[in-house]
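Here is a short report on a predicted model.

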Amino acid sequence: MATRVPPGSPPPEPLPTGRPVPELAPEAVAQWRERGGDLVDLLTEAQRQLGGVAAVRLGPRPTVLVTAPPAVQHVLALHPDRYVKRSHRARMLIGDGVLSATGEAWQRQRRLLQSQFTGRGMRRYEERIAEAARITAERWAGHARSGEVFDVGEEMRRFALDTIWRSLTGHPVDAETERTLGEMPAVVAALPSLPADEVSAKEAVAAELARIDALASRAIAAARDGDEGPDGPGLLHVLIEASATRPEYTDRLIRDELVTLLLAGHETTATTLTWLHLLLDENPQARERALAAGEAGTPERRQAVQALVHETLRFYPSAWILPRWTAQDDVLAGHAIEAGTDVLVCPYLTHRDPDVWEAPGAFDPERFTTPGRRPDQSGSYLPFGLGPRACLGLQFALRESTVLLEQLLPLYVPRFDAVPKGAAYGITVRPDGPTPATLEAS
């Protein structure tokens, strides 16, 4: 029966038209399930067979994979109101922090935090980053003298934890704090295997969550009591000051923001730096070219070191997959997308697409320093996401990584006793094993 339109009403908006999204054959999905492969394997096959907008049936309805840069730009930057973020896989850990918040709450939280990670806000963290890097360099000097085997990944995590804890609280990270915060990556890594029921899932990691909550409560209480730490007030103090005029900033929300910033502020940086050292082990000439680009402290050296970070992030983006939910019917790259469709934007595959990047399998940092060497399409490079929900900490992460590498690369070369065989695909892309090494003086 036709819907009645009241007299004088504008005609209804026409439904979007477009061709169906090509879908990966059920046989390919069945074979993937039988092999017990990672999700990235299935998505890689869908992109290979069907291109930059493809569908895979992971449940009763198709999920749309988006890797083509124009389609990535459409979803994340041009129409974030049509493709929305509904939740976050680490919600049981980060609660209603800015990563998982949505709607007006997210907008308010992001506005408060954004000024802390750009321009003048970043300058207040410069000395804290430099001090954490100096202490790490001292530890590496000790490793080099002793010849002992140490884990490069653990060292990078220790540096990133110290940096973010100083930036949040004004204090260097102590041993107890380091042990407790070291449980966060384990909780995150366990998320895919936890029970689907939220209550049961929380019970499975209750002890770890309780220790993290207790640490956060102590830090908040100390900051409320005026403890600024030797480095001065940090971002936690900004959140507490906000609670005086913004009633939504309860101790619970401050806790959620604190844990969110701790997780996002150390896990991604530590993982990127670990991959970078592994990639330089395979490509030692890239290190030599970066150091030869200019003298220590020059803009040329810094640009070359940043290029090492950017190329590492191309291989292993901090946000390797970005889930979205379609809030209204749309046409995406000529394809009809129905409201209610799950969409997966995959920077990992965009960054490795030979139709987008020249020789994507080669570790070539100079593509980020040589004009014309990298694609200029929007949506082709998005290691921290794109659009209004892009990661707030991009400049912070680049700065701390560069400062540390400027100290370590000229002096030490890690010689790995063993290297991980592959990657583990969770919220981040991590090496799937330890990274034991000794240090050789450069």
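A disulfide needs two cysteine sulfur atoms within 2.5 Å. For Cys346, the closest cysteine sulfur belongs to Cys391 and lies 17 Å away, so the gap is too far for a bond. Seen from Cys391, the closest cysteine sulfur is that of Cys346, again at 17 Å and too far for a bond.

What is the relative accessibility of Cys346? The value is 0%, so Cys346 counts as buried. Cys391 has 35% relative accessibility and therefore counts as partly exposed.

## Helices α16 and α18

Two packed helices are described by the distance between their axes and by the angle between those axes. Helix α16 spans residues 299–315, and helix α18 spans residues 394–408. Their axes come within 9 Å. They cross at roughly 120 degrees, which makes α16 oblique to α18. The crossing of α16 with α18 is right-handed.

## Residues in the contact

Which residues of α16 make the contact? They are Arg301, Arg302, Val305, Gln306, Val309, His310 and Leu313. From α18 come Leu398, Arg399, Ser401, Thr402, Leu405 and Glu406.

By class, the contact of α16 with α18 holds five nonpolar residues, four polar residues and four charged residues.

Methods:
Residues are numbered from 1 along each chain as its sequence is written. This is a predicted model: local features need pLDDT of at least 70, side-chain atom pairs count only at pLDDT 80 or more; totals for chains, interfaces and linings use all residues. Side-chain values use heavy atoms; hydrogens and water are left out. Axes are lines fitted to C-alpha atoms, for helices over the stretch in contact, and angles run from 0 to 180 degrees between N-to-C directions. Helices (H or I, at least four residues) and strands (E, at least two) are DSSP runs, numbered from the N terminus. Angles under 35 degrees count as roughly parallel, over 145 as roughly antiparallel, 65 to 115 as roughly perpendicular and the rest as oblique. A crossing is left-handed if the near helix is turned anticlockwise from the far one by less than a right angle, and right-handed if clockwise. Contact means heavy atoms within 4.5 Å. Ala, Val, Leu, Ile, Met, Phe, Trp, Tyr, Cys and Pro count as nonpolar, Asp, Glu, Lys and Arg as charged, and the others, Gly among them, as polar. Buried means under 20% relative accessible area, exposed over 50%, partly exposed in between (1.4 Å probe, protein chains only).
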